[in-house]
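Dear colleague,

Please find below the structure that I am handing over to you, with its sequence. My findings follow directly after it.

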Amino acid sequence: MGLLSDPSRRKVLTGLLTRLNTPICIVCYLAGIVWFMGLAFEPFTLRTYMSENAMGSTMVSSGERALSLAKEFDAHKRQAYDGMPVEWLVKAMQSRGLEVFTQSFSRKLPFPDENKERYMVRGTNVYGILRAPRAPRTEALVISAPCSPGDSNNQAVGLLLALAQYFRNQVYWAKDIIFLVNEHDLMGTQAWLEAYHHTNITGMEYSPLQGRAGSIQAALSLELSSDVITSLDLILEGLNGQLPNLDLANLFYAFCQKLGVLCTIQGKLQRNDWDTAEGYTHAAQTMMLMVLKQACGRSWGDHGLFLRYHIEAASVRGINSFRHYKTDAATIGRLLEGMVRKLNNLLERLHQSYFFYLLPSLSRFVSIGCYMLAFGLLVVILLLRALDLWVHLGAPALAAVEGVTEAQQPSGPGVLTVLTPVVISHLTGVALYLLPVHLQEMAVEHFPVSETEAVVLTAVAIYTAGLALPHNTQRLLSGEGTEQGWKVLKLTALLYLAVLLGCTALINFSLGFILAVTLVPITASMTPHMPKALSALVMVLLSPAFTVLYCVFIYQELIEAPVSVSEGWMLFLSVISQGILDHALYGSLVYPLLALFIYPCWLMFWNILFWS
Amino acid sequence: MAAPLTLLLIVAVTIRAVLFRSSWAELISERVEVVSPLNAWKRVVEGLALLDLGVSPYSGDVFHETPFMIYLFHFVVDYAEIVFMVTDGITAVALYLSIQTYNKNVFRKQKYALESDRYPADCLELLRSPKEMFYIPLKVAMFYLLNPFTILSCVAKSTCGLNNAIIALFILCTLKGSALLSGILLALATYQSIYPLTLFAPALLFFLQRLYIPVNLRRSSFWFFTLQYAFIYVGSLVVITGLSFFLLGSWDFIPSVYGFIFSVPDLTPNIGLFWYFFAEMFEHFRLFFICVFQINVFFYTIPLSIKLKEHPVFLIFMQIAIISIFKSYPTVGDVALYMAFLPAWSHLYRFLRNIFLVSCVLLACSALFPVLWHLWIYAGSANSNFYYAITLLFNFGQVKSLNLISHFT
């Protein structure tokens with residue numbers, strides 16, 4: 001590193017760094033945003049292609065009676081008061097030659113879920129295993145359909161049973177096929193998967209599985225609620241933003257094209273006019289929807305929980321909208337049969353194609369190598385600022401080499417002044433994480449709110465109370481070396497934020513990117529010398545909670561169901577409660593990350609703003 | 001200085017006790033960065049179970065600790081957590097006392113050199129005053145006890161803590177000038193894992209310097225003392241090995257412990273450099289590369305001893321650092337031991353030019369280890385290359401920081 005160890009060149013470099021720091025930061029930020037938005041521009045994307053050679057060409061034929069089965073299922077479901085008609089399902093599967101087993105599970109939610117109106121959940125999963133006629137029972141595929149109350153998903157279960165009957169007569173199955181009907185959608189799937197893999201990560205109580213079928217290679221989840229559909233929507237986003245292998249999406253798209261079924265992603269149909277403004281906007285909207293859905297970390301279909309166990313899974317939802325061309329259950333059956341046959345041919349788990357990608361449309365994708373640069377440009381701003389601060393902090397020490405003055409050590413008594421805000425911010429974060437759920441009984445006693453509202457409003461209250469902190473921590477500090485103190489704190493906080501955002505982006509790129517877009521500008525430019533009222537307002541408006549609020553509004557705009565401010569606020573509160581529930585029930589990491597790490601980091605910068 | 005040290009010990013013990021009782025303890029004791037096949041607690045328990053059944057603990061190739069360890073834990077296995085916390089305390093106190101002695105020596109030498117006017121004028125601000133150096137031993141103890149690496153290692157009940165304690169006691173005895181105890185403790189440390197063998201040279205250089213014996217191969221006084229020290233060391237080693245034989249009644253432990261360390265049969269990923277390389281190795285090159293990698297650890301002793309013979313304590317620090325980077329199964333506990341020494345030279349920090357970049361790299365890598373492990377093993381989206389990239393970067397950061405620190409001399 002001759003460049004960095006030669007003192008004169010070093011001085012030139014550091015001088016350049018100090019002078020050009022702000023312009024470079026601004027350029028990097030704009031470049032990052034522009035790069036990200038440019039990812040949706042079609043010439044910058046690649047066409048999707050099948051990477052797995054084992055999924056070669058297969059022949060596909062037809063024949064089911066799915067719809068009558070759907071009506072029978074509906075009737076029995078109503079008889080069972082919208083619960084699961086277990087006996088009928090068991091008989092239906094057994095009569096189709098499957099080995100049928102049931103599993104019961106129960107879970108008490110930490111607080112009532114107002115969206116789905118449940119608190120104490122008890123349910124039963126029913127699954128049948130179609131044993132491969134001539135193969136050893138080492139691998140399996142799963143086709144699942146959730147049993148939902150009311151009119152939804154009857155056709156999915158009917159199709160499942162019809163497929164089971166058709167599959168039973170074929171001899172080419174090399175893997176066992178498990179047909180799963182799960183109750184209470186995600187909770188049933190979670191109970192089944194935990195029992196299948198002998199783990200218990202979420203504290204659910206379930207009865208052990210009586211029958212098993214080897215390691216699961218891939219899974220498909222079906223959601224069909226009407227007899228005729230006009231398009232099939234593919235849902236890929238899973239828990240914690242994990243995505244299945246791109247080959248699964250490619251497979252689905254290839255089959256849809258072959259059978260002439262319209263397929264959509266994010267509910268949007270593909271357009272061919274990429275060189276017009278509308279075409280670009282359409283692709284950008286699809287990509288933004290995927291980013292928002294991935295960032296919120298919840299599983300948008302039953303398939304999302306399979307991904308955690310390294311099982312590639314996707315959900316297929318049938319949509320009935322106003323189009324001329326309608327598809328019936330038979331074609332969907334052929335589509336599914338084709339997909340399952342292709343998955344049957346797999347020699348090993350899908351791994352050839354990308355695991356990290358963004359889809360502006362079903363036939364075009366952006367891989368991690370392209371989109372990570374946008375994030376990298378944003379994090380570079382934090383590192384440049386940190387380097388700049390380090391140079392400024394070290395400058396008085398370097399000057400002392402010539403004169404006989406006392407050298408300033410960044411570590412030493414300065415560590416204590418930095419430690420206090422860090423510890424207090426993290427304690428507030430821990431309070432934000434633990435207290436809402438634990439204090440709900442006390443809150444319900446004293447205030448006229450329901451438990452869910454108590455939890456959410458406690459969270460909001462603790463978040464707002466954290467804003468009052470700097471005025472308290474300043475009294476605890478002795479206030480020595482104040483100019484030095486805030487610089488050291490800012491340096492620590494910038495590095496901490498950079499490492500945090502980096503780790504987040506590796507696991508869930510969308511979450512990391514969205515947080516970076518709002519947090520990087522305020523944190524990089526925050527000093528105590530800025531006008532207090534204005535910067536405080538800007539900081540609060542770009543804080544993590546408001547980021548979530550903006551995401552809610554943008555999401556509603558993108559799915560073409562815009563909401564008013566009050567509705568948006570209620571939606572925001574329900575998003576918070578869903579986040580806490582997802583963490584408790586399925587192990588989603590978004591709420592702990594925001595409460596325990598991002599919020600304390602933001603509080604440290606809030607502290608710097610009010611440094612006296 | 002007893003009061004701040006006691007306070008520090010209490011705080012450290014509290015943190016460890018809290019973590020022992022939480023649900024994190026299970027998680028931490030399975031992390032590959034914190035435990036290795038050589039010092040995992042699971043394996044100690046397995047060896048104890050085999051011993052209770054009357055079978056040799058080394059059968060089954062699970063247990064790779066020395067017989068002294070088994071017998072120690074045979075008696076204290078019920079109080080294992082307390083033992084590890086006490087061990088950390090012993091290491092911290094030993095480091096505290098050693099650095100205190102070292103500072104006294106340095107200050108005395110500085111006084112003599114100042115009186116005989118040996119310092120040029122522009123070095124004057126590098127001189128240290130007793131006031132500045134007063135807090136350094138406490139900082140060293142703090143750097144060891146409150147280092148997250150040490151805490152993780154203690155909570156995982158990795159026997160690396162015990163090895164660190166023996167090395168710290170060896171350093172204390174060396175600095176206090178007791179050749180006998182130093183030789184015995186060095187033999188014990190070598191018996192535990194072979195690599196502290198390289199610490200023989202710096203200890204010898206320290207004693208020679210202390211006894212004013214010039215390091216001249218033609219002088220008989222040099223050879224006389226060297227032979228004495230070597231005799232103590234080798235003799236203790238022979239006695240300890242013999243005792244181990246009598247403890248278990250067989251020589252099984254030699255291939256299981258030392259053969260394991262040298263031939264690296266277990267390729268579980270860790271923060272070292274061996275596992276990935278040997279996972280891809282063809283069989284007929286394996287012996288050659290084992291020799292190359294193992295010689296790498298021992299080889300740096302010779303040039304470093306020649307260059308740093310005036311600064312034996314610094315040489316001990318460099319040797320420990322080199323051992324913990326290049327040994328066959330490193331863990332973060334090994335890294336924590338040499339990191340604890342850094343405050344001893346804090347007055348020279350301004351000369352560390354690229355320390356910011358290097359420490360950012362080390363910090364980022366420590367944070368990325370669990371992330372990439374998760375992506376590889378659980379999410380299946382990454383593979384071993386990603387994890388090894390972080391390992392390489394971490395070791396590169398360590399080597400670079402050693403490089404920078406070596407500019408101190």
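In this predicted model, helix α9 (residues 160-176) of chain B and helix α18 (residues 332-339) of chain B have axes that cross at roughly 25 degrees and come within 9 Å. Angles under 35 degrees count as roughly parallel, and α9(B) and α18(B) are therefore roughly parallel to each other. Their crossing is right-handed. On the side of α9(B), the contact is made by B:C160, B:N164 and B:I167, and on the side of α18(B) by B:G333, B:D334 and B:L337. By class, these contact residues comprise 3 nonpolar, 2 polar and 1 charged.

Helix α9(B) also packs with helix α5 (residues 80-115) of chain B, the two axes coming within 8 Å and crossing at roughly 25 degrees. The pair α5(B) and α9(B) is therefore roughly parallel as well, but here the crossing is left-handed. Among the residues that α5(B) brings to this contact are B:F84, B:I90, B:L97 and B:Y102, while those from α9(B) include B:G161, B:N164, B:L172 and B:K176. The contact of α5(B) with α9(B) has 13 nonpolar, 6 polar and 1 charged residues.

Turning to the two chains, 21 residues of chain B are in contact with 22 residues of chain A. Together the chains bury about 2,200 Å² between them, and 71% of that area is on carbon and sulfur atoms.

How many salt bridges does the rule find across the interface of chain B and chain A? The number is 0, whereas a search of the whole structure finds 16 salt bridges over all chains.

One salt bridge in chain A joins the side chains of A:R364 and A:E42, at 3.4 Å from N to O. A:R364 lies in strand β12 (residues 364-367) of chain A and A:E42 in the loop between α2 (7-38) and β1 (46-47) of chain A, so this pair ties together parts that are 322 residues apart in sequence.

With kind regards

How values were computed
Residues are numbered from 1 along each chain as its sequence is written. Chains are lettered from A and ligands numbered from 1 in the order in which they are written. This is a predicted model: local features need pLDDT of at least 70, side-chain atom pairs count only at pLDDT 80 or more; totals for chains, interfaces and linings use all residues. Side-chain values use heavy atoms; hydrogens and water are left out. Axes are lines fitted to C-alpha atoms, for helices over the stretch in contact, and angles run from 0 to 180 degrees between N-to-C directions. Helices (H or I, at least four residues) and strands (E, at least two) are DSSP runs, numbered from the N terminus. Angles under 35 degrees count as roughly parallel, over 145 as roughly antiparallel, 65 to 115 as roughly perpendicular and the rest as oblique. A crossing is left-handed if the near helix is turned anticlockwise from the far one by less than a right angle, and right-handed if clockwise. Contact means heavy atoms within 4.5 Å. Ala, Val, Leu, Ile, Met, Phe, Trp, Tyr, Cys and Pro count as nonpolar, Asp, Glu, Lys and Arg as charged, and the others, Gly among them, as polar. Buried area is the accessible area (1.4 Å probe) that two parts lose on being put together, summed over both. A salt bridge is a side-chain nitrogen of Lys or Arg within 4 Å of a carboxyl oxygen of Asp or Glu.
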